[in-house]
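Dear colleague,

Please find the structure below, handed over for your attention. A short account of the findings comes after it.

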Amino acid sequence: MTSDEPACFFQREDDHAFRATRLTEGAWNPAEQHIAPALGLIGHAIEADMRARRGDDPLVLSRLSYDILGVIPIGVVSIETAVIRPGRTIELVEAKLLYEGRACVLARAWALKAYDTGAIAGTALDPIPAHETLSEHTFDGVWAGACVRTLDGRREQLGQGRARGWLNTDVALIGGEVVGPTARTLGLVDFANGITPRCGPETALFPNVDLTVHLLREPVGEWLGFDTAVSFGSVGIGLTHSILHDAQGPLGSVSQSLTVRPR
């Protein structure tokens with residue numbers, strides 16, 4: 001990153017359009033956007049639309065499913081949102097990310113009313129070691145593109161395709177704009193697929209065609225934790241599954257369906 005480059009992944013062009021910066025360069029092809037920041041951008045647009053419609057009666061995002069319809073060049077993208085299932089306590093919202101009128105990502109989000117369930121809250125999921133106790137981990141030498149090099153990582157390798165670790169970035173999702181903790185987290189979740197690959201990209205390609213994240217609550221803190229397992233089937237299909245963590249413990253889960261293609 002040079003001093004004259006903005007420390008952000010996107011710069012707002014208008015109410016619905018955003019210009020990607022060089023920091024979105026993808027890991028598979030630096031001429032294309034890494035999908036991770038784009039997923040966070042979509043989450044931010046969904047939350048902004050909900051605030052505009054509902055005012056002081058917001059809902060909490062509980063599940064977002066993203067279908068990745070194609071690659072995204074580094075340029076201007078736009079986002080369209082629509083309420084599929086309106087409701088006072090439950091909504092289903094759809095969002096499309098478009099490049100030059102072509103839909104690149106289709107997302108659907110369930111948003112639920114918040115209730116005070118602190119007295120019965122709990123989980124059987126195990127916590128992971130705190131980020132400050134783990135060794136530093138970078139993607140240098142494995143993945144291309146500027147996007148992965150914006151990350152501060154910690155990792156504990158447990159086996160082939162099995163690891164626990166944490167990620168953080170000081171790069172803003174949108175330049176000069178406040179982004180909520182959920183959208184910021186959504187901008188990191190796709191990196192799960194590269195944390196502990198079963199093989200290097202010189203051996204096989206294994207991009208994800210989708211991503212589904214379930215959240216128990218709004219994230220807390222700057223670091224996002226991953227307890228990740230990567231599986232490859234025998235017919236070219238794979239799965240990256242992670243339990244997500246934050247400063248308060250287990251946060252939710254993320255799953256990515258992979259197309260595995262030997263070199």
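This is a predicted model: local features need pLDDT of at least 70, side-chain atom pairs count only at pLDDT 80 or more; totals for chains, interfaces and linings use all residues.

Helix 1 covers residues 35–54, 20 residues in total. From its first C-alpha to its last it reaches 29 Å, close to the 28 Å expected at 1.5 Å a residue. Of its 20 residues, 16 are buried, so helix 1 is largely enclosed by the rest of the structure. The residue that follows helix 1 is G55, which has a positive phi, near 60°.

Turning to the aromatic residues, the count of aromatic pairs comes to four. One of them joins W28 and W143 edge-to-face, with 4.9 Å centre to centre and 80° between the planes. This pair links distant parts of the chain, 115 residues apart: W28 lies in the loop between strand 2 (17–20) and helix 1, and W143 in the loop between strand 7 (135–137) and strand 8 (151–159). W28 is partly exposed, at 35% relative accessible area, whereas W143 is buried, at 9%.

W28 also pairs edge-to-face with F206, at 5.2 Å centre to centre and 85° between the planes. Here the two residues are 178 residues apart, F206 being in the loop between strand 11 (204–205) and strand 12 (210–215). F206 counts as buried, with 1% relative accessibility. Together with F232, the residues W28, W143 and F206 form one aromatic cluster.

Finally, the charged end of K113 sits over the ring of Y115, 6.0 Å from the ring's centre.

With kind regards

Definitions and conventions
Residues are numbered from 1 along each chain as its sequence is written. Side-chain values use heavy atoms; hydrogens and water are left out. Helices (H or I, at least four residues) and strands (E, at least two) are DSSP runs, numbered from the N terminus. The expected span of a helix is 1.5 Å times one less than its number of residues. Buried means under 20% relative accessible area, exposed over 50%, partly exposed in between (1.4 Å probe, protein chains only). Rings of Phe, Tyr and Trp (its six-membered ring) pair if their centres lie within 6.5 Å; planes under 30 degrees apart count as stacked, over 60 as edge-to-face and the rest as tilted. A charge sits over a ring if NZ of Lys or CZ of Arg is within 6 Å of the ring centre and within 35 degrees of the ring normal.
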